[in-house]
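Reader: Hi! Could you walk me through this one? I'd like to jump around a bit as we go.

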Amino acid sequence: MGVDEAIGDAPVDRFAASATSPQPQEPAAKVRRPDPRPASKAPPTTPPRAKRPAGPPPQANTPGPTLDGIETLAALEEAAAAFDGCPLKRTAKTTCFARGSEQAKVMLIGEAPGRDEDLQGKPFVGRAGKLLDKMLSSIGLDETSVYITNTIYWRPPGNRTPTPQEIASCAPFLTRQIELLKPEVIVLLGGAAAKSMLETSEGIMRLRGKWKLYHAKDRDIPTLATLHPAYLLRSPEAKRYAWRDLLMLKEKLSTLQ
């Protein structure tokens with residue numbers, strides 16, 4: 001067939017035009033416009049508060065008023081053995097009240113009894129106690145010249161750290177114990193005892209090696225915190241710090257003679 005009608009003024013080669021026509025392109029990715037709304041602010045973070053030392057137990061459970069009439073350490077030990085206000089007594093085998101001399105100038109206060117102490121009914125008689133005896137011997141002290149006790153008198157299950165409430169339940173007894181013994185120097189063994197007796201939240205490494213004062217009714221008693229012997233068994237490299245503390249104790253005792 002031939003061309004019988006002219007559509008345009010000039011002929012157009014449609015095959016050549018289609019070969020050179022531009023190929024379709026993929027649509028461009030959409031660009032997200034910034035949200036004009038202000039970003040919400042994150043709530044401010046509050047720094048954790050330091051734990052306060054445990055206060056005295058509720059008045060209804062406090063045996064303090066009845067302890068003022070106790071005039072001997074032996075009678076106080078009997079009162080502690082009959083006391084049911086500390087839940088640890090229900091799981092412990094014995095009451096570990098104290099060991100040492102009732103005429104001692106030096107009173108050592110630890111944290112809590114362990115397994116060996118629970119079996120024998122005396123504080124610091126296990127591995128840590130044997131190390132403590134060696135430490136005291138190095139500066140001329142022994143069981144005849146010191147008095148040793150703990151902040152609580154019953155072993156916590158699994159040798160865990162006693163809670164502030166458990167320590168507070170025994171605090172009136174320990175307070176009266178100090179008043180009756182009348183020591184010239186107090187040594188606090190470990191962080192739990194130091195925090196409780198000095199009413200602070202500072203760690204033992206900040207507290208050790210510094211003389212503090214413990215107020216006992218009518219007088220202030222020089223008090224020194226040091227590392228617990230059980231900690232020294234786990235970390236022998238820390239014994240050098242304990243040795244410095246022992247030398248401070250020795251020097252203090254020399255000024256009291």
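Reader: Let's start with Lys217: is it buried or exposed?

Author: Lys217 is exposed in this predicted model, with a relative accessible area of 56%. The residue sits in the loop between β5 and β6.

Reader: And what's phi doing at Lys217?

Author: Phi of Lys217 is near 60 degrees, a positive value in a residue that isn't glycine. For context, most residues other than glycine have a negative phi.

Reader: Which loop holds Lys182, then?

Author: Lys182 lies in the loop between α6 and β4. Its phi is near 55 degrees, again positive in a residue other than glycine. Lys182 is exposed too, since its relative accessible area is 55%.

Reader: What about the residue just after α7?

Author: That's Glu199, and it takes a positive phi of about 50 degrees.

Reader: While we're there, why is α7 described as largely enclosed by the rest of the structure?

Author: Because 6 of the 8 residues of α7, which runs over residues 191-198, are buried. Those buried residues are Gly191, Ala192, Ala193, Ala194, Met197 and Leu198.

Reader: Nice. Which elements do they pack against?

Author: There are helices and strands in the list: α6 (164-181) and α8 (204-207), along with β2 (106-110), β4, β5 (211-216) and β6.

Reader: Changing topic: how many cavities of 30 Å³ or more are there?

Author: The structure holds 1 cavity of that size.

Reader: Which residues line the largest cavity?

Author: The lining is made up of Leu108, Leu132, Met135, Leu136, Val187, Leu189, Leu224, Thr226, Ala242, Asp245, Leu246 and Leu249. By type, they divide into 10 nonpolar, 1 polar and 1 charged.

Reader: OK, over to Tyr231. Where is it found?

Author: Tyr231 is in helix α9, which covers residues 229-234. It counts as partly exposed, with a relative accessible area of 32%.

Reader: And how far is its C-alpha from that of Ala128?

Author: The two C-alpha atoms are separated by 8.5 Å, while Tyr231 and Ala128 are 103 residues apart along the chain.

Reader: What share of contacts in the chain, between residues at least 6 apart in sequence, join residues at least 24 apart?

Author: For the chain as a whole, that share is 74%.

Reader: Good to know. What does the secondary structure of the chain come to?

Author: The chain has 10 helices and 6 strands. Of its 257 residues, 39% count as buried. The accessible surface comes to about 16,600 Å², and 53% of that belongs to carbon and sulfur atoms.

Reader: Last thing, the confidence. What pLDDT does the chain average?

Author: The average is 83, and 75% of the residues score at least 70.

Reader: Where does pLDDT stay under 50?

Author: One stretch is residues 15-31, for which the model has 0 contacts beyond four places in sequence. Another is residues 38-65, where pLDDT also stays under 50 and the model has 17 contacts beyond four places in sequence.

Reader: Great, thanks for the tour!

Terms used: Residues are numbered from 1 along each chain as its sequence is written. This is a predicted model: local features need pLDDT of at least 70, side-chain atom pairs count only at pLDDT 80 or more; totals for chains, interfaces and linings use all residues. Side-chain values use heavy atoms; hydrogens and water are left out. On a 1 Å grid over the protein atoms alone, a cavity is a set of points where a 1.4 Å probe fits but cannot get out, and a pocket is an open set with protein on both sides within 12 Å along at least five of seven lines; lining residues have an atom within 4 Å of a point. Grid points are joined across faces, edges and corners, and a volume is the space filled by probe spheres set on the points. Ala, Val, Leu, Ile, Met, Phe, Trp, Tyr, Cys and Pro count as nonpolar, Asp, Glu, Lys and Arg as charged, and the others, Gly among them, as polar. pLDDT is the predictor's confidence in each residue, from 0 to 100. Contact means heavy atoms within 4.5 Å. Helices (H or I, at least four residues) and strands (E, at least two) are DSSP runs, numbered from the N terminus. Buried means under 20% relative accessible area, exposed over 50%, partly exposed in between (1.4 Å probe, protein chains only). Accessible areas come from the Shrake-Rupley method with a 1.4 Å probe; for residues, only the protein chains shown count as cover.
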